[in-house]
Amino acid sequence: MPELRKIDRLTALVLGGTAAILLGLLGRVAYLQTHVTANDRAKLVAQHTVDEPLMARRAAIYASDSTLLAGSVRMYNLFADPGYIIDPKGTLNALQGTQERQAFILLSRTLSPLIHMPAAAIRQDISAHLRYKDGSLRRFLYLSKQRGQKFYDAFQSAKRKLHLAARRAFAKNHANRALVLYHALDGVGFTRSTKRVYPLGPLAGQVIGFANVNTGLQGLENQCNDLLRGRAGHVILVKDAGRQTLYIRHGGFRAPRDGDSVWLTLNTTMQGYAEHALDRACGQFQAVSGAAVIMDPYNGHILAMANYPPFNPADFQHSNPDFRRNRAVTDPYEPGSVIKPFTVGWAIQHHVIKMTDTFFCHDGRYRDPTGRLITDVEGYGTLTVENILVHSSNIGMTQIGWKLGIPRLYAALHAYGFGQVTGCELPGDNPGIVRPERAWTKGTLTSASFGYGIAVTPLQLARALCTLANGGYRITPRILLAVETRPGHLTSWNAIAGPPMEKRILSPATALQVRLAMEQVMLRGTGRNAISPYYRMFGKTGTANLAIAGQDRYAAHEYNATFICGSPVIHPRLIAVVSVHRPNPKYGHYGGTVAAPACSHMLQKSLLYLQVPPDQLASAVKLATGPKNAALSH
């Protein structure tokens with residue numbers, strides 16, 4: 001019986017002690033709940049919760065033929081947990097002492113061939129970053145970033161081999177060895193990211209631009225950034241003292257929303273034609289730069305937009321910043337004689353002249369009413385308006401310009417869209433230079449008549465040429481075609497941004513008259529070097545001296561060579577523009593020599609690609625043109 005009483009006393013003592021401890025803990029909890037400050041709570045939350053961002057996937061950019069121009073691929077970033085691997089307090093991983101050191105060596109030897117770093121250097125890097133400056137353990141250290149799927153697969157393969165070796169060691173009763181093999185790679189892992197890729201390299205590089213992981217930095221990557229980047233999400237994780245995830249906090253998850261893919265009006269085949277033709281022209285004539293455009297004249301779709309020198313967005317870090325610029329949109333220049341058909345069309349439309357009217361061209365030397373000397377490359381006598389275009393007579397155009405007068409010539413340039421942005425979605429849309437009408441002088445009137453004293457971009461020229469091709473409508477160029485507003489569903493850009501602006505400025509009859517005159521430019525005038533054996537084309541050459549910066553004069557041997565053309569003549573399907581900046585005069589500098597063959601070549605190939613039926617025979621072309629005259633290349 002004494003023994004039972006003793007046991008009862010001990011039991012009562014243990015129960016009493018336990019109750020006292022529990023009451024103490026409850027009291028402590030009550031105290032903490034009523035006395036913990038907001039700062040203490042914030043520290044506890046910071047210690048036990050992690051708000052991890054969930055990156056949205058940057059959407060793709062496609063050409064109109066659904067060819068991928070820009071996309072994102074999954075990448076892997078290898079990280080180490082130095083605190084876990086070295087475990088100075090022996091509380092984080094499953095290994096102890098010698099096992100821990102062996103696992104560290106095995107980890108470094110396994111990673112060495114994968115990240116191309118000596119095993120000793122890996123151990124040194126991890127050991128050197130064991131703690132932060134405040135003495136706390138570092139639990140995260142990047143070892144290698146932006147690695148592809150092959151790298152990730154190689155790591156997983158190495159890990160599987162270690163686990164297989166661990167099972168074999170365990171089967172042979174080598175428990176310590178098995179433990180090391182199995183847990184050697186526990187202290188490393190991966191975070192996922194994305195990398196922007198450009199499968200076609202430099203094709204349309206300046207148009208597409210480039211981006212980093214999820215931010216567009218230039219070109220359409222930047223212009224369409226809000227569409228492409230999507231919306232990031234996040235997850236709030238609750239972790240224990242060992243930083244192991246316990247659960248996701250209630251209401252702490254928001255899924256990312258991936259970006260919306262964008263389709264462009266560009267056609268990769270035509271883009272290839274344009275880039276090849278421009279590269280050949282600029283290379284052959286040793287030009288500093290150049291630009292080319294192909295457009296559908298009815299809906300304003302930009303089917304090709306090329307720039308020289310080329311630019312590869314996949315390697316933008318090592319590129320010349322000057323090559324990244326989309327010169328077709330950003331670089332205005334004095335166009336020279338390519339402006340003449342537009343002036344003639346406006347003068348005919350407003351009954352100032354008729355195509356059959358004649359003007360005396362003074363055998364190549366003429367002084368305008370202010371006494372300024374105007375010259376032609378060749379001397380001509382009396383020319384019709386059509387032949388003024390065919391032979392690109394500055395003297396004839398000066399007289400037409402003076403007959404129009406300042407108000408009407410200024411109105412003509414404004415009506416075609418010169419001196420204004422085109423309204424295209426491309427960044428850097430330059431308005432060019434057309435001085436306000438109040439600033440015009442009689443000297444401006446003469447200069448503007450044949451394409452000096454104003455500055456235009458290749459895209460503006462293409463837009464104006466569309467007016468002659470489509471029967472008189474000034475249209476808005478478009479580069480965006482559609483947006484994937486939800487998976488598998490495309491919404492046309494017109495439905496999102498509204499239909500493009502259109503305005504009739506010429507009658508169909510006037511536009512046709514000008515096109516027929518421009519056909520003669522190619523058959524018997526300055527565009528004969530660019531004639532097509534398959535299609536009736538209409539075109540115009542332009543050669544302009546470059547102004548010397550800061551001086552009121554022009555360089556004697558520096559030029560811009562331009563050619564504009566469209567086809568077929570009666571029912572045009574496409575128009576094209578090529579501008580070549582500063583060709584080497586040693587090899588040629590006239591628009592008809594430098595730019596015209598490239599322009600007609602890329603246009604002809606594009607028409608054949610679209611299976612547009614040819615509308616002229618090579619034999620008929622030879623009969624109409626006779627032998628080519630190299631001098632007719634103004």
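Here is a short chat about the predicted model shown above.

Visitor: What should I know about the model before we start?
Guide: It's a predicted model, so local features need pLDDT of at least 70 and side-chain atom pairs count only at pLDDT 80 or more, while totals for chains, interfaces and linings use all residues. Residues are numbered from 1 along each chain as its sequence is written, and side-chain values use heavy atoms, with hydrogens and water left out.

Visitor: How many helices and strands does the protein have?
Guide: There are 23 helices and 23 strands. Those are DSSP runs numbered from the N terminus: helices are H or I with at least four residues, strands are E with at least two.

Visitor: And what percentage of the 634 residues is buried?
Guide: Buried residues make up 50%. Buried means under 20% relative accessible area, exposed means over 50%, and partly exposed is in between, using a 1.4 Å probe and protein chains only.

Visitor: Which residues touch the most other members of the largest nonpolar core?
Guide: Ile-302, Phe-342 and Phe-418, out of 94 residues in that core. A nonpolar core is a set of buried Ala, Val, Leu, Ile, Met, Phe, Trp, Tyr and Cys residues joined through side-chain atoms within 4.5 Å.

Visitor: Which helix gives the largest share of this core?
Guide: Helix α18, residues 458-469, with eight residues. There's also a second, separate core of 34 residues, which includes Ala-277, Ala-281, Ala-304 and Phe-563.

Visitor: Back to Phe-342, what does it touch?
Guide: Leaving out residues up to four places away in sequence, Phe-342 touches Tyr-416, Phe-418, Leu-461, Ala-464, Leu-465, Leu-468 and Ile-564. Contact here means heavy atoms within 4.5 Å.

Visitor: New topic: where is Phe-450?
Guide: Phe-450 is in the loop between α17 (442-449) and α18.

Visitor: Buried or exposed, that Phe-450?
Guide: Phe-450 counts as buried because its relative accessibility is 6%. Its contacts, again not counting residues up to four places away in sequence, include Gly-336, Ile-339, Arg-372 and Asn-394. Phe-450 and Gly-401 are 49 residues apart in sequence, with 8.5 Å in space from C-alpha to C-alpha.

Visitor: How about helix α20, how far does that reach?
Guide: Helix α20 (residues 508-524) has 17 residues and reaches 24 Å from first C-alpha to last, close to the 24 Å expected at 1.5 Å a residue. The expected span is 1.5 Å times one less than the number of residues. Among the buried residues in α20 are Val-514, Arg-515, Met-518 and Glu-519.

Visitor: And Ile-21, where is that found?
Guide: Ile-21 is in helix α1, residues 2-35. Ile-21 is exposed, with a relative accessible area of 56%.
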